[in-house]
Amino acid sequence: MFSATITERTPETVIHLEGDLDIAATPHLVGVVQGAMNAGYRRISLDLEDVSFVDSTGLACVARLTRRASELDIDLVLRHPNDLAARVLEVTGLDTVIDIRTG
């Protein structure tokens, strides 16, 4: 089961992700993040602390959302990646192109 919940709205919008970030989760993630972008939020963080699984579809979704945010001059960052998420981002090289904050 996957959830993406907005937990903070100012000064930064934090979207807490929980569960498996896979093909089944991507429509929900896109909807929540696009909703935040459309609402005018200029800084969005995806909190990965409670992500239990990440597949290539989930990674591609995050990469597309990051690119779209950049096109709209919105800062999108990944926060608190757990060991699993950090390793997947590192192995794929996404850690070099996506802003990731551990603190």
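Which exposed residues does the face of H2 turned away from its buried side carry? They are Ser56, Ser70 and Glu71, where exposed means over 50% relative accessible area, buried under 20%, and partly exposed in between (1.4 Å probe, protein chains only). This is a predicted model, in which local features need pLDDT of at least 70 and side-chain atom pairs count only at pLDDT 80 or more, while totals for chains, interfaces and linings use all residues. Residues are numbered from 1 along each chain as its sequence is written, and side-chain values use heavy atoms, with hydrogens and water left out.

**Helix H2**

- H2 covers residues 56–71, and its 16 residues reach 23 Å from first C-alpha to last, close to the 22 Å expected at 1.5 Å a residue (the expected span is 1.5 Å times one less than the number of residues).
- Helices here are DSSP runs of H or I with at least four residues, strands are runs of E with at least two, and both are numbered from the N terminus.
- On the buried side sit Gly58, Leu59, Cys61, Val62, Leu65, Thr66 and Ala69.
- Those buried residues fall within an arc of 160 degrees seen down the axis of H2, so they line one face of the helix; the arc is taken from the directions from the helix axis to the C-beta atoms.
- An α-helix has 3.6 residues a turn, so residues three or four places apart point the same way.
- The cover over the buried residues of H2 includes S2, H1 (26–38), S3, S4 and H3 (83–92), with contact meaning heavy atoms within 4.5 Å.

**The ends of H2**

- At the start of H2, a side-chain oxygen of Asp55 comes to within 3.0 Å of the backbone nitrogen of Thr57.
- After H2 comes Asp73, which has a positive phi, near 60 degrees.

**Salt bridges**

- There are 6 salt bridges, each a side-chain nitrogen of Lys or Arg within 4 Å of a carboxyl oxygen of Asp or Glu.
- Arg43 pairs with Glu12, with the closest N and O atoms 3.8 Å apart.
- Arg43 lies in S3 (43–54) and Glu12 in the loop between S1 (3–8) and S2 (13–21), so this pair ties together parts 31 residues apart in sequence.
- Glu12 is buried, at 15% relative accessible area.
- Arg43 also forms a salt bridge with Asp75, at 3.7 Å between the closest N and O atoms.
- Asp75 belongs to S4 (75–79) and Arg43 to S3, so that pair links parts 32 residues apart in sequence.
- Asp75 is partly exposed, at 43%.
- Asp99 and Arg101 form a salt bridge with closest N and O atoms 2.7 Å apart.

Definitions and conventions: A polar contact is a pair of N or O atoms within 3.5 Å; within protein, one must be able to donate a hydrogen and the other to accept it, and residues adjacent in sequence count only if both atoms are side-chain atoms.
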